[in-house]
Amino acid sequence: MADCLFCKIAAGEIESELVHESGGVVAFRDINPAAPTHILVIPREHIESADHLTETKGVLLGELFATIAGLAEKEGLGDGYRVVTNIGRDAGQSVDHLHFHLMGGRQMSWPPG
Ligand code: 5GP
Ligand code: ZN
């Protein structure tokens with residue numbers, strides 16, 4: 001997608017602090033972290049949100065979550081971490097490219113605001 005911020009980050013056209021890169025998945029630190037560890041894990045492929053996933057994306061989803069688990073271990077989040085994906089404006093989605101927030105390193109409250 002020509003005008004998508006996260007497509008541009010995945011393509012290296014916009015700078016970010018990358019922490020993981022593979023053929024299908026990219027992960028980078030959130031520019032405005034809400035926890036000591038706050039990483040965004042995204043598919044390279046432009047998918048608007050989790051609302052646009054289909055069964056054909058099963059392998060990609062597996063890679064996204066395996067990446068999340070690997071990064072959580074690397075970041076020392078053995079006591080727990082949170083994975084969030086916002087869908088649509090009411091949920092607070094501000095970038096329309098599927099992304100999973102990996103957050104940890106502090107006690108999380110529930111329910112989220
Ligand atoms: P959303 O609100 O869509 O769930 O999450 C979007 C996230 O992207 C926010 O946490 C925001 O801080 C982060 N973000 C927005 N622009 C940039 C950017 O240019 N670089 C990085 N690394 N993160 C960004
Ligand atoms: Zn995109």
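**The site of ligand 1**

Modeller: Of the 16 residues around ligand 1, those that come nearest are Asp-30, Asn-86, Gly-92, Ser-94 and His-101, where near means that a heavy atom of the residue lies within 4 Å of the molecule. This is a predicted model, in which local features need pLDDT of at least 70 and side-chain atom pairs count only at pLDDT 80 or more, while totals for chains, interfaces and linings use all residues. Residues are numbered from 1 along each chain as its sequence is written, chains are lettered from A and ligands numbered from 1 in the order in which they are written, and side-chain values use heavy atoms, with hydrogens and water left out.

Biologist: What makes the approach of Asn-86 to ligand 1 a polar contact?

Modeller: A polar contact is a pair of N or O atoms within 3.5 Å; within protein, one must be able to donate a hydrogen and the other to accept it, and residues adjacent in sequence count only if both atoms are side-chain atoms. A polar side-chain atom of Asn-86 lies 2.9 Å from an oxygen atom of ligand 1, so the pair meets the 3.5 Å limit.

Biologist: Why is the pair of Phe-6 and Phe-28 called edge-to-face?

Modeller: Rings of Phe, Tyr and Trp (its six-membered ring) pair if their centres lie within 6.5 Å, and planes under 30 degrees apart count as stacked, over 60 as edge-to-face and the rest as tilted. By this rule there are two aromatic pairs. In the pair of Phe-6 and Phe-28 the centres are 5.3 Å apart and the planes at 75°, so it is edge-to-face.
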